[in-house]
Amino acid sequence: MVDVDDYLSHPDKKLSVHINGVVAGVKKRTNSKIAELSAIFHDIGKLNPNFQEKLRTGKSNGYSNHAYLSAYLFLCYCTENHNDLLKQLNNEENWIASIISIIASHHKDLPDFPIILKEKELISLDKFLKTSMFIPASEFLMKFVECNNFNPYNEYKERLLYELPVKICKIAQKHIASETSKVSSLIFFLETQFSFASLIAADKEDASYFTSSSDMERFCSSFNKNLEFFISKFPNDTKLNIIRTQIREEAIINVSSLLNSGKRIFSLTSPTGSGKTVILLSLAGEILKSEGNYRIIYALPFLSITEQVEKICQIIFKDFNNSLARIDSKSENKLFELYQDEVDNNPETINKIVNMQFAEDTFDYPFIITTFVKIFETLLSNKNSTLLKLPNFSKAIFLIDEIQSLPPRLYGFFVAMLDAFCRKFDSYAIISTATMPNFELPSSNTHEPAKIFRDYTVPSELVSLDYFKSKIFNRYTIKFDKSRINIEGLTLSILAENCSVLVILNTIDDSKLLFNLLCEKAQDTVLILINTHFTPSHRKKKIQAAKWFLERNKKGISNKKIILVSTQLIEAGVDIDFPTVYRDIAPMPSIIQSAGRCNRNGIASQKGKVVIFELVRNEKSSASLIYRDKDKVLLSNTIKAMKESDSSEYQLLEIQKEYFNFTQQNLVFGLHQEIDLIEKIKEAAFEQIGKFQLIDKKNYGEEIQYYIPKNNDDRFEKLELLYIDLQSIAYKDYRNKRLKWIEIESLIRKMSDRIVQVRLKVNDVKPITDKDACFNIYKLSTSYDSIRGIDLSNINQII
């Protein structure tokens, strides 16, 4: 008689203890029966004697994998306990396909249906099963579920391995695609993805002995008090702050009423400069007050804005900075260095470091500031590592700012996805921008998205659009000249302006060429160039310098003309205020965001001026080189919507409505990078959907990273040493490998302010680097300066 309690899941843990821990972890994240059954069965394949031998001795002479064996044992259980299983699944047989896929893939990524099991692994498992090694599966399962006795070998038929899973998945695909199915394709996608994410998060949590230090209750209970104290310091006697207060208070009253009616997703359409950050935080506070403790996830399109919002939030919640985490490709965890210094003297500190990294990977903080990439790619992901954070999207308040920065074909798609997610997983979302797209599902679209998003309703608007007509938000006049202009003509027009000018162009090449011409012709003028060919550190300093000069001009200390030439990176979230803005033609949201840098605070003695033009080089429109192929319609629709006569700022509201109505009805809904997201959801094609990337590398070129050292900076050399250290760690020493990776990632984040990310296409000239790449980063000591950035011309090839 075998004692099933003797079996191990890990060298230091009993299998029954581990499964109990994982089931508890799953139940903490979801009440889904799919997730619970997946947790019970996910490691039952570890009853394999070969796996047990490998755990105890470090080696095995036979098939020792467990994931596919676990899925097979679940199929065996299904055949003998089919009626019982269906009762647990509310008679929805489709979920059996979901569970098989989750169990088999829990150490990999979710696959496409219907071929969820790979032939090579099935053949290896088939050979193992023919050895008839003893596996006490039903005896073990009786500890967790009611189970009729079964013998894997007596029950073993080839169809269980090769035929039944595909058949089950095909039936599920057919059912969920039906309009009459109780489980729609969208619900099938969301439930399968979330159950998979809950399992892998709970599995890794239990295996690593992770203990959450997130003090959600304390943070949420103090949230409104801290925010109200911050707001109380604002001067209340300025016209701008008076109207900001009106907007904020109206939004709070409306969200309170809508919460009572069960609404989950809201829109905040508010003019540029109306204080949307504080309004969004106030709305989150109202939801906390009404609904209880929720995680807050503040998502923004650009890294530069995440840093700005983080600084504001650190001031507001200064007593809770350990509860607040900015998580993006550049964010640093200050505790890591502290713990890293202690490792040699106190080995227990390793656990703190591993826990800290797991908390970041899973978004285990009460307040997170992050990027659109982290949010929207996770919502569509099939990837094991990415989906670790998805369970903490449940019971969360999403603050999505600058939504217009999404690709236009995804406006309605992602808002509808968020709406479905929030309703299913007890979350809320506030969508914010000064340029709100039309989120109605298109009726004339070939996809008929209403059949996928069956219960979708458009987000409820929280404030009146009449605020756009307020005198204080009527800050500039916009002039659109439909005649084309070349770079020389543009240079002369800018020099003819008798005040400071911000120029925003569509390409880096155009910005460099204009800057060089201005350097030749301008006199007694401060010239500044900003684009992504500069390090983030230099970009920040340039913006600070421009603001310093502009402030001196406002105060009458100086009368220096400033010309700042930039690409669109300055459009959203950069708090800078020029009397005149020149903008090369672009889709409507970019134009309005650019205009938001003109007379931003509304305190100039006269209205600002925004000039829209179409730049041509070699008789080709620069805009058409960027917005081409399927995106050229965005440009033509903008030109159609714009008026040749001068328009005031408040008139742009109607102009942008016309633009967004066109995009809503005429673009293919949910199409991105040739991935038809609606069709793939219908097919349960998790792997194909998971290829989604918000930034289209095919169109914009593959990214290469260059580290620009400062003085005697030796960080790159430290990175090379860490690479050598990593290679020297034993293959199966997972703990030390993980620790070393955390150290490497921490150093790269510290280096990030000196890293230039360049998207190079085939014909671009690559600079000559100091040495070979280390973790795909090159060191570049030449071909870069702080005035013009990185040099991609032929000159950089001269040694």
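Colleague: How many salt bridges does a search of the whole structure find?

Modeller: The search finds 44. A salt bridge here is a side-chain nitrogen of Lys or Arg within 4 Å of a carboxyl oxygen of Asp or Glu. Please keep in mind that this is a predicted model: local features need pLDDT of at least 70, side-chain atom pairs count only at pLDDT 80 or more, and totals for chains, interfaces and linings use all residues. Residues are numbered from 1 along each chain as its sequence is written, and side-chain values use heavy atoms, with hydrogens and water left out.

Colleague: Which residue forms a salt bridge with K27?

Modeller: K27 is joined to E36, with the closest N and O atoms 3.7 Å apart. E36 counts as buried because its relative accessibility is 16%; buried means under 20% relative accessible area, exposed over 50%, and partly exposed in between (1.4 Å probe, protein chains only).

Colleague: Where do K682 and E679 lie?

Modeller: They are 3 residues apart in helix α27 (residues 677-683), so about one helical turn separates them. Helices (H or I, at least four residues) and strands (E, at least two) are DSSP runs, numbered from the N terminus. The side chains of K682 and E679 meet at 3.3 Å, N to O. K682 is partly exposed at 26% relative accessible area, and E679 is partly exposed at 28%.

Colleague: Which parts of the chain does the salt bridge between K740 and D725 link?

Modeller: That pair, 3.7 Å from N to O, links distant parts of the chain: K740 is in helix α31 (residues 734-751) and D725 in helix α30 (residues 715-728), 15 residues apart. K740 is buried at 15% relative accessible area, whereas D725 is partly exposed at 32% relative accessibility. Elsewhere, salt bridges that share partners join E307, E310, R326, D328, K540 and D753 into one network.

Colleague: Which residues of α15 are buried?

Modeller: I305, T306, E307, V309, E310, C313 and I316 are. Helix α15 (residues 303-316) has 14 residues and reaches 20 Å from its first C-alpha to its last, close to the 20 Å expected at 1.5 Å a residue; the expected span is 1.5 Å times one less than the number of residues. Its buried residues pack against several elements, including α14 (276-291), β4 (295-300) and α22 (536-554).

Colleague: How should I read a nonpolar core?

Modeller: In soluble globular proteins, nonpolar side chains tend to be buried together. A nonpolar core is a set of buried Ala, Val, Leu, Ile, Met, Phe, Trp, Tyr and Cys residues joined through side-chain atoms within 4.5 Å. Of the 167 residues in the largest one here, F74, F376, F398, F413 and F453 touch the most other members. Helix α11 (residues 185-207) gives the most to this core, with 11 residues. A second, separate core of 46 residues includes I279, C313, I316 and L462.

Colleague: And the sheet: in what order do the strands come?

Modeller: Strands of a sheet pair through backbone hydrogen bonds, either parallel or antiparallel. Here 7 strands form an open sheet in the order β5-β6-β4-β7-β8-β3-β9, with parallel pairing. The edge strands β5 and β9 (460-461) each pair on one side only; two strands pair if DSSP finds at least two bridges between them. Strand β3 (residues 265-269) is joined to β9 by 2 bridges, and S267 stands opposite E461 in β9.

Definitions and conventions
Contact means heavy atoms within 4.5 Å.
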